[in-house]
Structures are given as C-alpha cells and as structure tokens.
Amino acid sequence: MLKEHIDNDSVIRIISHNDADGISAAAVIANALKEEGVQFHTSLIPRLKEDIVNQLRSEKYDLFIFSDMGSPFIKELNTYKHDVIVADHHQVSDVESESNVVHINPHLFDIDGSRDLCGAGSAYLAVRELDKKHLAYFPLIGAFGDMQGQDGFTGVNQLILNDAVESGIVEIHEGLKIVSKASEPIFKSLAYTFSPPLPGISGDLEGAQEFLEKMNLSYGIKFTDLEDEEKDLLKDALVSINPDIFGDCYTVPSEIPLLRDLEEYSYILDACGKNKKQGLGLSIALGERDQALDAAIRLQRQYRDQIVKGLEWIKREGAVQLNAIQYLYSEDKVLKSVMGTIASIGLSVEILDSSKPVIGMSRLHKDIKISGRTTREMVARGVNLGKALMDSSNNFMGTGGGHDIAAGAMIPYEAKDQFLHLVDDMVEYQLNND
Ligand SMILES: [Mn+2]
C-alpha cells in the first residue's frame, strides 16, 4: 500500500505518539518518505482519542499512518474513505481491519509487544521493504525508549538489530553502560545512569560522589578523561554493584558523539517528549543539529534534575502501602511531571518495594493521571497492570490501559480512594488466580 502511494505522489499524514518510541516511529517513517521525495505532515500527540480520530477523517490526505498508537481504533479507521496504516504494539481489540487499513501489531501474531517489538519497530516493518535497512537504528532507539533493549534485544527486535548491523549503520561493542561519558562530570554520569540501576548511586548525586571519593577518583572530571587504569578500577567497582553495567553497547559510528549511543539517543528524545518539545526531538531525528541539539541537551539536564528531585522525594516520604499495591500521590508541579518515570526508577534502584506494583498519581485539576509500573517478576506471577487499570478506570468513568508491566489511566479526582482500593483488589485477584 505504501509503495503505491509513493508512486502516486500522495501526500501522507503521520500521527504518532510523543514519547521516545513514538518520535522514533515517526522518524523512521518520515526519514523513509523524505528519501523517497514524498510530502508528509507529522503530528506527535500524547494520546489518540476518538474525537481526534473523527477529526482527522475530514483532512485531505491520501494516506494516514498511525504509529505507536491506533490499534484500539481499527473499528473507526475501517470507516475512513482514505487508506490507513496502523503500526502499533499496544493491546489490540478483536475488530479486524477492512481492506483500506493495513494493521501491523505484534499482538496479532502472538508476539509480546511489551518486550519483543516497539511502536517504532512496527513502523520500521512498514517501510523495511522499501530498502530502508539503514534506518533500522530508529526502532532500536524506540525499543530503548519503551525499556525493551536494556536486557538485550529479543524477538523481532533481535531481527531488526540484525538488519541494523548487516547494513553497517550500527556496531555492537562491550563497554561500561553509563550515560554522558563525554559530556558530564563523572559523578553525574553515574547518578544519571538509571538503567541498569546502580542502587545507592543512581539518582543520588551525593551517593555517586562518595562512591568515587572512596576510590580516590576525582568526581569532577569526565569519564573519557580518566586514565585507563582508573577506568578499570571504576569498572570493577561498578560491576560488583551490578554486573549488567558492563555489556553490549549499541552505537551508530557515523553519528556525532552526543547521539552515537542508541540508548542515550532515546533518553534525549524522551527528554524532548516529556517537556512537550516532541517536535524538537523529531527534527533532530530528521538530521537537525547545532541549536536544536543544544536545546535538547538543556531539556535533558533539566529533566534529569527533576528525576533526581523526585527520587529524593520518594526516599524521604516513601509510598503509601495497600495490600497488594503501593501508591505515590502528588500535587507538586515538578513531581507530577516525572511521576511515571520515578515510579519505574524507584522500583529498579530499590527505593520502592519491588514486590508490589506502584501506582503513581498526579492531580490535574478535576482529574488524576495514573502511571502504573511493576516488574517482570510480578508479571510472571500474574500481574497485568494494563488490564487492572483499564477495568478499574472504566468503573469510574475514566479511561486506561497499556502493557502488563506499565500502564496508565485517567480518572475523576473524587474517585481516587475507591479507585485505589479497586486496583488493589484486582491485583490481589490476579496474583491469587494465576
Ligand atoms: Mn511505544
């Protein structure tokens, strides 16, 4: 379908999610179309809702591409007069697509969409046949954005990695997986490394300084400026905290240093999206540098500071414990903006009890935005947060859903306590009936 539209000089509408995966999804499609000389118009939005789907219907484009979103709206898209491609990896409904809709989603093939393929991966599959293997690094960036690459790539992600390596765009080499090695003083590189987690160091600037001082390493210089034997000393000390800190790094050697590491690239896009500057992220992915990149790095610094503040808050206040879940609630502007992120990191750096899913709640006027996070161990024991948040929010006239390990919802403020108890009961039920 896409090839036909390219041959017919169609103008294409891309709608994608505004997070790192969604920006990467838009980037892989937009770069492919740009190379083919096709005109397109892109919007990056926080979530697709029925009114947006109905509004888009009247726009005069020949083809609509929804990426990292769209699967729940196949029924509506079937009634479009236009051609539509949906490249998503979120849970699907049981409505089958009509002939005007191409639906790409791992769940349709019993592939795990929370682990083995991301939205950018589905988007890549839509353009791959146009001889676009050199763009295969974007789906890997998207996978990192959705926390799929951190323990190595599996499933379809692994096949995409093979494309990327075969085409020569991506190289794999072993190294220390700490962030901003060449751009931040080393104590910040360590404190801003959340994945893999370094308990006592991740998110803790003082902890990172003390750790370095104990080894007589000066914490104010950059990792890249350390002597080789100092690097080895640091590596051994970090490996004893978390062996995963040394392992495969995925790089694009032809990129500038700041964007060379795929995982770091995803964090820069993430910082853009979280600060509502997703367009900036996409322009970088389309090749803009200089001022665009400076602005993105500034956003990233600010965002990292916010995460550190959030983690300090969790350490100070702790989560409120219910039977099967725990929750965080805040009306503070900074904390609200990083709630989902600090819930995830709080679990991984062990300042939150990992045996209970975390429900992060941020008050937005009359509503509460919910970010639910749990661990792979809890999912293996039966927890499905996507289902729990969808069913419980629907009960209070809210909306929700997502993946088993990470999900979101929006509910009216008045329903807060009842909602929490319902989610608590549902998770307890999931654990007892697996
Ligand atoms: Mn995604």
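**Helix 2 and its surroundings**

Author: Helix 2 is 16 residues long, and its first and last C-alpha atoms are 22 Å apart, close to the 22 Å expected at 1.5 Å a residue. The model is a predicted one, and what follows describes that prediction. Most of helix 2 is covered, with 13 of its 16 residues buried. After the helix comes Gly 37, which has a positive phi, near 70°.

Next, the packing partner. Two packed helices are described by the angle between their axes and the distance between the axes. For helix 2 (residues 20-35) and helix 12 (residues 262-274), the angle is about 105° and the axes are 8 Å apart. Angles from 65 to 115 degrees count as roughly perpendicular, which means that helix 2 is roughly perpendicular to helix 12. On the helix 2 side, the residues that meet helix 12 are Ala 20, Ile 23 and Ser 24. Their counterparts in helix 12 are Ser 266, Leu 269, Asp 270 and Gly 273. By type, the residues of this contact are three nonpolar, three polar and one charged.

Now the strands. Strands of a sheet pair through backbone hydrogen bonds, either parallel or antiparallel. In this model, five strands make an open sheet with parallel pairing, and their order is 2-1-3-4-5. Strand 2 (39-45) and strand 5 (101-104) are the edge strands, each pairing on one side only. From one strand to the next, the twist averages 15°. Within the sheet, strand 3 (residues 63-67) pairs with strand 4 (residues 83-87) in the parallel sense, over five bridges.

The loop between strand 4 and strand 5 contains Ser 99. Ser 99 counts as exposed because it has 8 C-beta neighbours inside 10 Å, and the limit for exposed is 12 or fewer. Ser 99 and Asp 83 are 16 residues apart along the chain, and their C-alpha atoms are separated by 8.5 Å.

Most residues other than glycine have a negative phi, and most peptide bonds are trans. The peptide bond from Ser 195 to Pro 196, however, is cis, with omega near 0°. Pro 196 sits in the loop between helix 8 (186-191) and helix 9 (205-214).

Asn 216 is not a glycine, yet its phi is positive, near 60°. Its place is the loop between helix 9 and helix 10 (228-241). Asn 216 has 8 C-beta neighbours inside 10 Å and therefore counts as exposed. Met 397 also is not a glycine, and its phi is positive at about 65°. Met 397 lies in the loop between helix 18 (385-395) and strand 12 (399-402). With 9 C-beta neighbours inside 10 Å, Met 397 counts as exposed.

Methods: Residues numbered from 1 in each chain as written. Predicted model: local features only at pLDDT ≥ 70, side-chain atom pairs only at ≥ 80, totals over all residues. Axes fitted to C-alpha atoms, helices over the stretch in contact; angles between N-to-C directions. Helix = DSSP H or I, 4+ residues; strand = E, 2+ residues; numbered from the N terminus. Parallel < 35°, antiparallel > 145°, perpendicular 65-115°, else oblique. Contact = placed C-beta atoms within 7 Å. Nonpolar A, V, L, I, M, F, W, Y, C, P; charged D, E, K, R; others polar. Expected span 1.5 Å × (residues − 1). Buried ≥ 20, exposed ≤ 12 C-beta atoms within 10 Å, placed from the backbone. Pairing = 2+ DSSP bridges.
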